[in-house]
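Colleague: I have the model open and would like to go through some of it with you. Could you take my questions as they come?

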Amino acid sequence: MRHSTKKINKTQAARIALIKKITPLVKKHVENFGAPDSVTVGWPAYDEKELLSAMGALLDLRLSQGPYVREFERRCAAYVGAPDAVAVNSGSSANLLVYTWLIQSGAAEPGDEVLVPATTFSTVASPIIQVGLIPVYVDVEMNSWNIDPREIEKAITPKTRAIMAVHTLGNPANMPEIMRIARKHKLIVIEDCCEAHGARIGKKIVGSFGDISTLSFFVAHNITTGEGGMIFTRTKEQRAIIASLREFGRLPPEALSKRVFNDPVLGAYDARYIFTTIGYNVRMTDIAGALGVEQIKKLDRLNARRLKVVHKYLDILKKYDAFIQPPEIRSGTFHSFYGFGFAVRPHAPFKRQELVDFLEARGIETRAVFAGCIPDQPGFRLAPGRSYGKLPVARSIRDNGMFIGCHPALTARHIQIVRTAFADFFASIKK
């Protein structure tokens, strides 16, 4: 035992010495990253701290889920103001586990309904179908592009069990009103914060309003682990179910303190191979967790840099307000701007595609607003689900909405590219 302890200490000392030796080299390498050539939609914002943290995980032989993941979970929970968190391999997997939890917990059963915004990303809705629930597509607000509380109340039926509130592009949904409606009708509220890192209403961070919430760390998001997601839980029971679903449906880690599990059929069986439910394998690697530990420390600073880009964009677009609807920033909220979203007004003398083609030719990446209107997508037309009403706002966003990047790596040169491109486009329209 003494020899083993001495060996471990030598290994740790060697690791520390190696990290110290390579730190200047890694830092110099990061300084050579530079900025993107074009105005990209996303760009990972990290430095030597993330690289050295990930290398530490590798040197510790921590490849799969381990202590770095647990530290990342704790830091994220503390940031959001949630009791606990469970890390997974993507925001889409986070949503899948939450919808599965609805059924596993007895809060819903196959055939029950979940209200979702009609304008959002596909994996807000597709996991609902995959677990046997029914998505109900609800129209969104014209200014925020978030689910419209007025439409929520109309769409509720005896089969409704939950409301999925998505904070589109980082713009906080109207959570006080959504929570009021949910409590009135005894519905569960899920918050999809995948695009809304650090967004808040007043001093309260999104993800802390609902009964359970999700977050994504995809490479283009405000902070990233390459791929990754997080589920914020409110109770120990929630966490136990979610943690089990994350890892094959086996006993959660806190239940593994005893090596033997006594079962009436299996007898005294290895607790590590007891599967209490039908689960998945959507764990986060410790390498990703190590990246996340450093990224979450920088979130507020990175968001502040995004806002500087956003305000310059707003200044550029204000002279074209007759034809371009700018993004909404509601009083009393912090919009964290995953992307800078805007819409071509329906009466404009040009189509969205004309503007898209012009901007792309100038090196400015553009994106449509995700699925546009989900029930109009080929994969959803014949899938289970229903729409409440004709979804006029969602279909207007489908046809006219778009977004460009506003990430921290954009420089004054990129801002000037955007300024010149819009000026030249509108000059060409006048001709």
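Colleague: Let's start with Ile 231: is it buried or exposed?

Modeller: Bearing in mind that this is a predicted model, Ile 231 is buried, with a relative accessible area of 0%, and it lies in strand S9.

Colleague: Which residues is Ile 231 in contact with?

Modeller: Leaving aside its neighbours within four places in sequence, Ile 231 is in contact with Asp 84, Ala 85, Val 86, Val 88, Ala 94, Leu 97 and Val 98, as well as with Ile 212, Ser 213, Thr 214 and Ile 242. If you want a distance to check on screen, the C-alpha atoms of Ile 231 and Cys 193 are separated by 9.8 Å, and these two residues are 38 residues apart along the chain.

Colleague: On to helices. At what angle do H3 and H9 pack?

Modeller: H3 and H9 pack at an angle of about 25°, and their axes are 7 Å apart. That angle makes H3 roughly parallel to H9, and the crossing in which H3 passes H9 is left-handed.

Colleague: Which residues of H3 and H9 meet there?

Modeller: From H3 there are Pro 67, Tyr 68, Val 69, Glu 71, Phe 72, Arg 75, Cys 76 and Tyr 79, and they meet Asp 286, Gly 289, Ala 290, Gly 292, Val 293, Ile 296, Lys 297, Leu 299 and Asp 300 in H9. By class, the contact of H3 with H9 divides into 10 nonpolar, two polar and five charged residues.

Colleague: And how do the axes of H9 and H12 cross, at roughly what angle?

Modeller: The axes of H9, residues 286–317, and H12, residues 412–430, come within 10 Å and cross at roughly 20°. H9 is therefore roughly parallel to H12, and the crossing of these two helices is right-handed. On the H9 side the contact is made by Val 309, Lys 312, Tyr 313, Asp 315, Ile 316 and Leu 317, and on the H12 side by Ile 415, Val 418, Arg 419 and Phe 422. In this contact of H9 with H12 there are seven nonpolar and three charged residues, with no polar ones.

Colleague: Now aromatics. How many aromatic pairs does the structure hold?

Modeller: The structure holds 18 aromatic pairs. In one of them, the rings of Phe 72 and Phe 217 have their centres 5.0 Å apart and their planes at 50°, so the pair is tilted. This pair links distant parts of the chain, since Phe 72 is in helix H3 and Phe 217 is in the loop between strands S8 and S9, 145 residues apart. Phe 72 and Phe 217 are both buried.

Colleague: What about Phe 370 and Phe 403: how are they placed?

Modeller: Phe 370 and Phe 403 form a tilted aromatic pair, with 5.6 Å centre to centre and 45° between the planes. Phe 370 lies in the loop between helix H10 and strand S15 while Phe 403 lies in strand S16, so the pair ties together parts that are 33 residues apart in sequence. Phe 370 is buried, and Phe 403 is buried too.

Colleague: Which residues form the aromatic cluster?

Modeller: One aromatic cluster is formed by Tyr 313, Tyr 320, Phe 323, Phe 337, Phe 340, Phe 342, Phe 350, Phe 358, Phe 422, Phe 425 and Phe 426.

Colleague: Changing topic, which residues of H5 are buried?

Modeller: In H5, residues 122–130, the buried residues are Thr 123, Val 124, Ala 125, Ser 126, Pro 127 and Ile 128. What covers them includes helix H4 and strands S2, S3, S4 and S5. Just after H5, Gly 132 takes a positive phi of about 95°.

Colleague: And Thr 120, where does it lie?

Modeller: Thr 120 lies in the loop between S2 and H5, and at 2% relative accessibility it counts as buried. Neighbours within four places in sequence aside, Thr 120 is in contact with Val 166, Phe 370, Ala 371 and Ile 374.

Colleague: Last one: what is phi for Trp 145, and what is it for Lys 186?

Modeller: Most residues other than glycine have a negative phi. Trp 145, however, has a positive phi of about 65°, and phi of Lys 186 is near 60°, also a positive value. Trp 145 sits in the loop between strand S3 and helix H6 and counts as buried at 6% relative accessibility. Lys 186 lies in the loop between helix H7 and strand S5, and at 75% relative accessibility Lys 186 counts as exposed.

Terms used. Residues are numbered from 1 along each chain as its sequence is written. This is a predicted model: local features need pLDDT of at least 70, side-chain atom pairs count only at pLDDT 80 or more; totals for chains, interfaces and linings use all residues. Side-chain values use heavy atoms; hydrogens and water are left out. Axes are lines fitted to C-alpha atoms, for helices over the stretch in contact, and angles run from 0 to 180 degrees between N-to-C directions. Helices (H or I, at least four residues) and strands (E, at least two) are DSSP runs, numbered from the N terminus. Angles under 35 degrees count as roughly parallel, over 145 as roughly antiparallel, 65 to 115 as roughly perpendicular and the rest as oblique. A crossing is left-handed if the near helix is turned anticlockwise from the far one by less than a right angle, and right-handed if clockwise. Contact means heavy atoms within 4.5 Å. Ala, Val, Leu, Ile, Met, Phe, Trp, Tyr, Cys and Pro count as nonpolar, Asp, Glu, Lys and Arg as charged, and the others, Gly among them, as polar. Buried means under 20% relative accessible area, exposed over 50%, partly exposed in between (1.4 Å probe, protein chains only). Rings of Phe, Tyr and Trp (its six-membered ring) pair if their centres lie within 6.5 Å; planes under 30 degrees apart count as stacked, over 60 as edge-to-face and the rest as tilted.
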